[in-house]
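Me: I am new to this structure and would like to learn how to read its features. Where do we begin?

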Amino acid sequence: MPVAAKSIKFGTDGWRGVIGDDFTFERLALVAPVAAKVLFNTYGKKVGDRTIVVGYDRRFMAENFAQKVADVVSAAGFDVLFSETFAPTPAFSWAAKQHNALGALVITASHNPGQYLGLKVKSAFGGSVPPEVTQEIEALLEEEVPVASTPGKIKNFNPWESYCQELESKVDIGRIREAITSGKLTVFADVMHGAAAGGLGKLLGDAVKEINSDRDPTFEGGAPEPLPKYLSRLFGVMKTHREHNPTGLTVALVFDGDCDRIAAVDGAGNFLSSQILIPILIDHLTLRRNFTGEIVKTVSGSDLIPRVAALHKLSVFETPVGYKYIADRMLAAQVLLGGEESGGIGYGSHIPERDALLSALYVLEAIVESGLDLSDYYRQLQQQTGFSSAYDRIDLPLASMEVRSRLLQQLQTEPLTEIASKAVTNCQTIDGYKFRLADDSWLMIRFSGTEPVLRLYCEASTLEQVHQTLAWAKQWAE
C-alpha cells in the first residue's frame, strides 16, 4: 500500500481528516480514482455510462481539492461533470441521478470544524453508498490505479438550476411565497457560512432574511453544525425582530455546512431539533399531502416519532445511526420519510438522501397550511399522542482513540445495570449502547465513527431529568 494511503478510513458518511495532515492533495489523488472505479464496478451495468459528478462546499480550498478530484478521475478514463460553484451535497446527489451518472464525489466535511475537509461518495441512485462500497474503496487503495490511454472529458455544470426546479415541484411554492411577501410569515435562514447560502432565496425570493451568508472557512472558530451553542447571532437577530414585530408567524431555518442537516428556531426563540421537526413533518405530509409509507428512524430518534406514526397507522423501521442505513431501507421499501436525530431528513418521493432545503420547504408549508407556530404544532402532537418528553445530547471530546477503546471495552465487559439511580431494564446494541431505564427514559452512549468523540443522548419526561442523566453519563465517561 502506498504510504499516503495508510489509515484512510471511511466513517458514517465519507472520509474526513484535518487539512494538511490527514487530508492532502496526495491522499485525495489516491482515493478519488479508486472511488470512481468502485462506483463503476457497482453501478456501471445499470447506468451504462462512465460519468462522475464532482462537487464541493465552501470550506478552505474546497474548489481546489475538487479540481484535483476532477483531474485524477478524468485521467483514470472517466468523464466528469464538474460543478462551477459550491452547492449543497444533496444537489450533487440529485445531479448524479438526473444525469444518469455513476455517482458523485463531493468535497465536504459536513458539520465538522473548519480544520477538517473530506470526501463523500454518492451513488448512482442519488444517495449515500452502502458500507460495502466504502469498504471496497479502502481495500483497493493497496492497488495502483492505472492511467487510461484516453482520458475522460471534464464538463462544467451549474448544480443549482435543476435541483431548485426539482424542489419547487415538491411543495405548494406559490402559497409559501405569498405568505412571505404578504408579511403573514417571516423567514430567517442561518446558513452558517456554508453551502446553503442563497438557497432559500433562490427558491422563495429576496424576502428571506439570510444571516451568516459570507464565506468563512473558520466558521467563527466553531463548527457549521445546527446546535444552539453555534447560533448566538441568530438568537440575537430573532430577539430583536420579536421586539419590533410581536405579531405574525416567524421561523428561522438552520442549515449545516453542506446543507444536508436542518434545525429550526420558532417565533418565541426556542431551538427545535429534528427530534421535533420529524414528528411535525410526518403529520403534515400524511394529513395534507396524503403521503403514505414506512417511517424510518435511527436508534437515537425520539420516542414521539413512532407515536405520531401510529396516529396515522404507519409502520416504523429502526436503523443504526448514519443516513446510509436509511438510504438502504429507502431502496428496499416504500418509505414516506427517513430521519435521524442529528438533522438529516429525506423523503421517499425524492432521492434516498437527506436534504435540508427540501425539509425547509416542507416545514414552511406545514406552518403556512396549519397556521401554527412550530412549537404550538409540536404541543398539539404531544396532546394527541398523550406523550411529552425532553431531549438533549452531549458530544464529549476524548483525549485519544485509545481512550475511546478503553471505554468501549468497559461497556462490553462491565454492563451498566443502573444509571442515575434508575434501574436499566433493557439495552439495545444496534449502534452503540441504548439503555432503557425503569421510568421509560433512555440514555444512549455512542462513539463517533470519524473522530475521538463520545456522543451521549438522552430523552426523559423533563429537561431536568435529561440533564441529570447526561451529567451522570459524563461523569462515568471521565
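Reply: Begin with handedness: a crossing of two helices is left-handed if the near helix is turned anticlockwise from the far one by less than a right angle, and right-handed if clockwise. In this model, which is predicted, the crossing of helix 5 and helix 12 is right-handed.

Me: Which residues of helix 5 and helix 12 make the contact?

Reply: Helix 5 contributes Trp160, Tyr163 and Leu167, and helix 12 contributes Leu357, Leu358 and Leu361. By class, six residues in this contact are nonpolar, with no polar and no charged ones.

Me: What else describes two packed helices?

Reply: The angle between their axes and the distance between the axes. Helix 5 (residues 159-168) and helix 12 (residues 356-370) have axes 10 Å apart and an angle of about 30 degrees. Angles under 35 degrees count as roughly parallel, so helix 5 and helix 12 are roughly parallel to each other.

Me: How much space lies in the largest pocket?

Reply: The largest pocket holds about 770 Å³ of space. It is lined by 32 residues, and the closest to its centre are Pro228, Phe271, Ser273, Tyr391 and Asp392.

Me: Which element gives the most to the lining of the largest pocket?

Reply: Strand 16 does, with six residues. The elements that give two or more residues include strand 10 (262-265), helix 9 (274-287) and helix 15 (463-477).

Me: How do the residues of the lining divide into nonpolar, polar and charged?

Reply: The lining of the largest pocket has 13 nonpolar, 10 polar and nine charged residues.

How values were computed. Residues numbered from 1 in each chain as written. Predicted model: local features only at pLDDT ≥ 70, side-chain atom pairs only at ≥ 80, totals over all residues. Heavy atoms only, no water. 1 Å grid on protein atoms, 1.4 Å probe; cavity = no way out; pocket = protein on both sides within 12 Å on 5 of 7 lines; lining within 4 Å. Points joined across faces, edges and corners; volume = space filled by probe spheres on them. Helix = DSSP H or I, 4+ residues; strand = E, 2+ residues; numbered from the N terminus. Nonpolar A, V, L, I, M, F, W, Y, C, P; charged D, E, K, R; others polar. Axes fitted to C-alpha atoms, helices over the stretch in contact; angles between N-to-C directions. Parallel < 35°, antiparallel > 145°, perpendicular 65-115°, else oblique. Contact = heavy atoms within 4.5 Å.
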